[in-house]
Amino acid sequence: MGSSSLLDKLESAGLVPAEGAASLRREMAQEGLSPLELLRRAEVPEERLLPLLAEHLGIRYVETLAGLTAPEEFFQKVPPEYARQVGAIARTTAEGRMELMLAPGPDLAGVAGEFARLFGVQIIPILAPRHEIESAVDRSVRQRPEYLEHAAGELGGNEFAESAAQIERVTDFAELMRKTPVVKMVSLLVAQAVRTGSSDIHFQPAGDRLRVRFRTDGILHDVLDLPRNAQDAILSRVKVLAKMDIAERRAPQDGRASFRYADREIDVRISVVPTGDGERAVLRLLDKEAKLLKLEELGLDQENLRRFEELIGMSHGIMLVTGPTGSGKTTTLYAALMRINNPELNVITIEDPIEYKVQGISQIQVQSKKNVTFASMLRSVVRQDPDIIMIGEIRDEETASIAVQSSLTGHLVFSTLHTNDSSGAVARLIDLEVEPFLISSALLGVLAQRLVRRICPHCLEEDAVSAEQLEMLSLDPSRLGGRKLMRGRGCDQCLGTGYHGRVGLYELLMMNDDLRRLVNRRASSGEIRETAMKSGLRLLRADGAEKTLAGLTTVSEVLRVTQRDET
């Protein structure tokens with residue numbers, strides 16, 4: 001069946017109107033469109049496009065590759081970067097044949113033929129979404145630590161004599177195999193961190209070694225030990241990327257870099273500080289193409305979700321999200337903005353840095369060196385006729401004052417604070433010299449949050465929880481009702497941790513008349529919390545207890561992240 005027959009089928013199925021079909025036939029006559037290009041120009045939704053293309057090609061289509069990992073021999077012959085580039089990953093069948101999962105492309109038959117020649121076996125092509133193939137490649141590579149170990153082995157002593165000033169700048173992973181071992185190693189480490197969903201890379205000198213650690217799901221893990229003589233070359237490469245002074249080794253330096261990985265833009269914030277053992281560096285990774293979560297995907301229960309949506313639907317006032325660094329505050333604010341944003345609203349954000357690009361929203365980057373601060377930009381933004389303002393963080397008295405004043409003059413303001421719980425936000429604003437009567441008038445509510453690691457779904461088993469731990473969570477054994485508390489045993493899918501991904505714990509305080517009276521008389525955080533609990537406030541640890549009962553996380557994980565909140 002050719003492209004013309006495929007177009008007839010699309011038209012008869014009602015996926016392409018008659019006028020559109022006529023236009024496409026003219027284009028086919030002029031350009032000779034392939035079936036894939038035809039489907040794309042016909043603007044067939046992806047969930048319909050791939051099954052139709054598979055049917056046209058006479059091959060199977062699979063929607064998900066969850067749990068698939070490539071056999072050992074696959075990556076012995078196929079570099080992971082190439083597998084991602086062409087969109088291919090394989091698995092062997094019981095009969096010894098190879099099923100090759102392929103992403104849609106202009107020459108599927110050619111790619112299948114290339115792999116058949118490479119492996120010398122019969123290939124069964126199967127169509128799959130590109131993002132599923134990329135995930136499967138990443139999952140397979142995570143289980144091959146020797147990939148990095150091999151690269152580390154290439155870092156021979158003579159290689160480090162190369163002057164850092166002469167290290168060629170590389171930010172494209174497609175070129176890394178042709179570069180020096182130092183450049184290759186830094187690029188590989190960033191690639192591996194992106195693959196594993198890690199947020200930070202630490203280069204930490206320790207004795208005669210340079211330890212490399214990743215922060216994954218909020219926890220630091222040792223990844224690699226490099227020889228100590230690698231330290232100067234690795235740190236010099238990092239400094240070159242961040243446009244730092246490579247000769248300066250006694251003062252802290254900060255910078256930024258940008259990488260391209262699998263058609264994704266990765267921003268990296270880099271900090272280098274001197275220590276007694278030499279310089280150490282931390283790279284914070286920010287994937288600008290990462291998927292933004294929706295409100296219902298954050299982990300809010302139905303009641304808190306309903307109440308939070310009520311608050312962010314207000315016409316004016318200030319809504320705060322609190323928690324320590326790395327607790328997901330900005331992700332929550334973006335989810336809120338996406339829920340309420342529409343073409344009738346003027347939404348402006350002031351951020352440091354801009355963590356996600358959101359279409360239809362004006363986003364401003366803070367640049368302290370150029371005196372573009374939260375406070376200075378906020379003064380300008382209020383003259384831009386905004387309906388909604390998001391401030392990345394309230395750090396100082398001036399920003400706090402302008403934010404509260406803006407919320408009282410008809411603007412809906414979102415921002416974050418560093419406090420342990422929701423009731424502590426009021427005390428923090430007072431510390432920032434905001435008058436209590438202004439706080440009580442402007443503040444809509446405070447959402448405190450933490451992130452806990454999710455139990456890996458691939459290695460679930462019953463958790464042996466002590467009576468003391470149950471008591472700390474205020475969990476009466478009778479509440480279990482026969483349900484078992486779970487944990488992850490540790491497997492290849494979760495790198496042996498027993499956890500994969502994270503979910504939020506939430507504590508939502510909504511202002512009411514009783515709380516406003518307490519704020520006006522400068523009541524303590526404890527008094528505010530006790531009064532809020534009478535109105536339905538559920539504390540972080542209580543929300544964590546519910547998530548352990550639901551099998552989302554473990555008792556020990558909830559206790560770990562809430563240990564300072566219940567004292």
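This briefing walks through some features of the protein structure shown above, topic by topic. The model is predicted. Its protein chain folds into 22 helices and 19 strands. Of the 567 residues in the chain, 51% are buried. Among the contacts with a separation of 6 or more, 65% are between residues 24 or more positions apart.

**A sheet and the helix across it**

- Let's begin with an open sheet of 4 strands, whose order is 1-4-3-2 and whose pairing is mixed.
- Strand 1 (60–61) and strand 2 (88–92) are the edge strands of this sheet, so named because each pairs on one side only.
- As background, the strands of a sheet pair through backbone hydrogen bonds, and they can do so in a parallel or an antiparallel way.
- Strand 3 (residues 98–102) and strand 4 (residues 123–127) run parallel and are joined by 5 bridges.
- To find this pairing in the structure, look for L100, which stands opposite P125 in strand 4.
- Helix 7 (residues 108–119) lies across strand 2, strand 3 and strand 4. The helix runs at about 145° to strand 3.

- Helix 12 (residues 302–312) packs against helix 13 (residues 329–340) at an angle of about 70°, and their axes are 10 Å apart.
- Angles from 65 to 115 degrees count as roughly perpendicular, and helix 12 and helix 13 are therefore described that way.
- The crossing of these two helices is right-handed.
- Which residues meet here? From helix 12 come F308, E309 and I312, and from helix 13 come T332, A336, R339 and I340.

**A mostly covered helix**

- Helix 22 (residues 555–562) is mostly covered, with 6 of its 8 residues buried.
- The buried residues of helix 22 are V555, E557, V558, L559, V561 and T562.
- What covers them? The cover includes strand 16 (443–455), helix 18 (467–472), strand 19 (499–510) and helix 21 (540–549).
- Leaving aside neighbours within four places in sequence, E557 is in contact with V452, R453 and Y499.
- E557 and R454 are 103 residues apart in sequence, yet their C-alpha atoms are 9.0 Å apart in space.

**Salt bridges**

- Side chains of opposite charge can pair when their charged atoms come close. In this model the count comes to 28 salt bridges.
- D222 and R213 form one of them, at 4.0 Å from N to O. Are these two partners buried or exposed? D222 is exposed, with a relative accessible area of 55%, whereas R213 is buried, at 17%.
- E393 and R395 form another, at 3.2 Å from N to O. E393 counts as buried at 18% relative accessibility, while R395 is partly exposed at 39%.
- E393 and R395 also belong to a network of salt bridges that links them with R256 and D352.
- The side chains of R489 and E461 meet at 3.7 Å, N to O, in a further salt bridge. R489 lies in the loop between strand 18 (486–488) and strand 19, and E461 lies in strand 17 (residues 460–462), so this pair ties together parts that are 28 residues apart in sequence.

**Backbone details to look for**

- Most residues other than glycine have a negative phi, and most peptide bonds are trans. The places below are worth a look with that in mind.
- The peptide bond from D352 to P353 is cis, with omega near 0°. P353 is found in the loop between strand 12 (347–351) and strand 13 (362–365).
- S474 is not a glycine, yet its phi is positive, at about 55°. S474 sits in the loop between helix 18 and strand 18, and it counts as exposed at 60% relative accessibility.
- R522 also has a positive phi, near 55°, in a residue other than glycine. R522 lies in the loop between helix 19 (513–520) and helix 20 (525–534).

Methods. Residues numbered from 1 in each chain as written. Predicted model: local features only at pLDDT ≥ 70, side-chain atom pairs only at ≥ 80, totals over all residues. Heavy atoms only, no water. Pairing = 2+ DSSP bridges. Contact = heavy atoms within 4.5 Å. Axes fitted to C-alpha atoms, helices over the stretch in contact; angles between N-to-C directions. Buried < 20%, exposed > 50% of the residue type's maximum accessible area, 1.4 Å probe, protein only. Parallel < 35°, antiparallel > 145°, perpendicular 65-115°, else oblique. Left-handed = near helix turned anticlockwise from the far one by under 90°.
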